[in-house]
Amino acid sequence: MWKFERPLWSRVGAASLVLALGLAGCGSGNGGSGGAAPSGSASADNVTGTVTVLAAASLTEVFNSLGKTFEGAHPGVKVTFSYGGSSTLAQQIVNGAPADVFAAASPATMKTVTDAGLAAGTPSVFVRNQLVIAVPPDNPKHIAVLADLTKPGVKVALCAEAVPCGAAAKTALSAAGVSLTPVTLEQDVKAALSKVELGEVDAALVYRTDAKSDSGKVTGVEFPESAKAINDYPIAALKNAPNATGAAAFVAFIKSAPAQTALSRAGFQSP
Amino acid sequence: MRRIPPVLLLPAVLGLVFLVLPLVGLLVRTPWSDLAGRLSEPGVVTALRLSLETATLATALCVVLGVPLAWLLARVAFPGRRLVRALVTVPLVLPPVVGGVALLLVFGRRGLVGSWWGIQLPFTTAGVVVAEAFVALPFLVVAVEGALLAADLRYEEAAVTLGASRWTVFSRITLPLVAPGVAAGAVLSWARALGEFGATITFAGNFPGRTQTMPLAVYLALETDSDAAIVLSLVLLAVSVAVLAGLRGRWVAAA
């Protein structure tokens, strides 16, 4: 097998480069093939091709199902999603990611995009969301209020402050006068939630909708201070959208009554 | 001098440009004017120290475990050796994030080992070392095994005929003989550990001063303050180039 001679470790060097490239490749989102012509029939409203939507991680489940609905209403149209921390996605858009729509979990992350002049029109808030304490279903540490998170032996995951759920957590904690040292600052809300699911932490501050979408594996404990840290979710079509018609149609669809019903069923509040 | 065929020269130059250009980009965008101020920020110093400490500890762990493993693979004919050899290289090709998930399932609170022994590795600095050692160990094993296979067996055979035990042969003959290979493997492991991202963020989480190494700090800084991310990247680049250049001159060239 490995009977190569001296230059062996230079080959290992090559292997490390391959690994490094592979690593660099992940997390960069999808490349979106915006203007690809559909093979099916075009629908009446001229929406064709692929609509690429970058959306906050907390929208994962509901947007996946809304995407199906949108595709059903526009035969031949395909919606592709890239979910992540809103700040990551905003950065990807600023760096030229070919996307049509951006749905963020906070006005601050949307502002990164509008400040760069990359939004088409003014973003509009389509839902609101607030935090709960996600705990394992049996709540072994008996977490009932925010202050319980500071009890000795309770491991807590929060989102990093750059991410909307982290900013909201900071606001809620300071509103409650609770000073908390988490064990980890995760890069998006789903990563924080998965740490609870895996049993690696005892609690995490996540959105009510995340706890709800994951019911069975986690339970959401409501706390009063979350009312002081309600996140507005803005959505905008992007200026450099490869599929501008599709972008406008998708944004209009998200603001329509049927989509709003689905969003409120998922636990989001109306703006 | 004979002419270099363009069909070889052109891709070679392109390859070089491809490798060097991103580094140039980093240097061009570096905020040189307030570099000193940014470098002395406590966050940068903390992340850098954590990175250097964990990468060095992980390398030490790799040497302690990896050299005997490489020796076993190169010198002892045991059934299933080919399979073991293949298993050793799995982390080399495994996406690091997958490695992190796997580590979590074994050493996590509810993991196979973690739940028996009650050890708590996730979210600790020790967890960072474990994650880094996991991805770096194959580099050391492959390098040392290569050196062992290339080494002249006659010295060891001579020692055996003179009555030396296997341990004496290993420690007095084999190890000095492959020392450059061990050094090369250690440098590679160290470099790999220093750059580790996926397994670390998955297994050890991200908390400044405890588990936030330089690559994690770069990734998160990019979302809020791209200048900070560039400065952090520059520091990481400078440190790795300095160490690799220093060690290469002294050790690796001899390999």
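In the predicted model, chain A contains an open sheet of five strands, arranged in the order 7-6-8-5-9 with mixed pairing. Strand 7 (184-186) and strand 9 (219-221) of chain A form the edges, each of them pairing on one side only. From one strand to the next, the twist averages 40°.

Within this sheet, strand 6 (residues 156-159) and strand 8 (residues 203-207) of chain A run parallel and are joined by two bridges. A:Ala157 has A:Ala204, in strand 8 of chain A, as its bridge partner.

Two helices of chain A are placed against these strands. Helix 6 (residues 189-197) of chain A packs on the sheet and touches strand 5, strand 6, strand 7 and strand 8 of chain A. The direction of helix 6 makes about 145° with that of strand 8 of chain A. Helix 5 (residues 164-176) of chain A lies across strand 5 (131-135), strand 6, strand 7 and strand 8 of chain A. With strand 6 of chain A, helix 5 makes an angle of about 115°.

The mean pLDDT of chain A is 83, with 83% of its residues reaching 70 or more. Over residues 1-43 of chain A, pLDDT stays under 50. For this stretch, the model has 73 contacts beyond four places in sequence.

Conventions
Residues are numbered from 1 along each chain as its sequence is written. Chains are lettered from A and ligands numbered from 1 in the order in which they are written. This is a predicted model: local features need pLDDT of at least 70, side-chain atom pairs count only at pLDDT 80 or more; totals for chains, interfaces and linings use all residues. Two strands pair if DSSP finds at least two bridges between them. Helices (H or I, at least four residues) and strands (E, at least two) are DSSP runs, numbered from the N terminus. Axes are lines fitted to C-alpha atoms, for helices over the stretch in contact, and angles run from 0 to 180 degrees between N-to-C directions. Two residues are in contact if their C-beta atoms, placed from the backbone, lie within 7 Å. pLDDT is the predictor's confidence in each residue, from 0 to 100.
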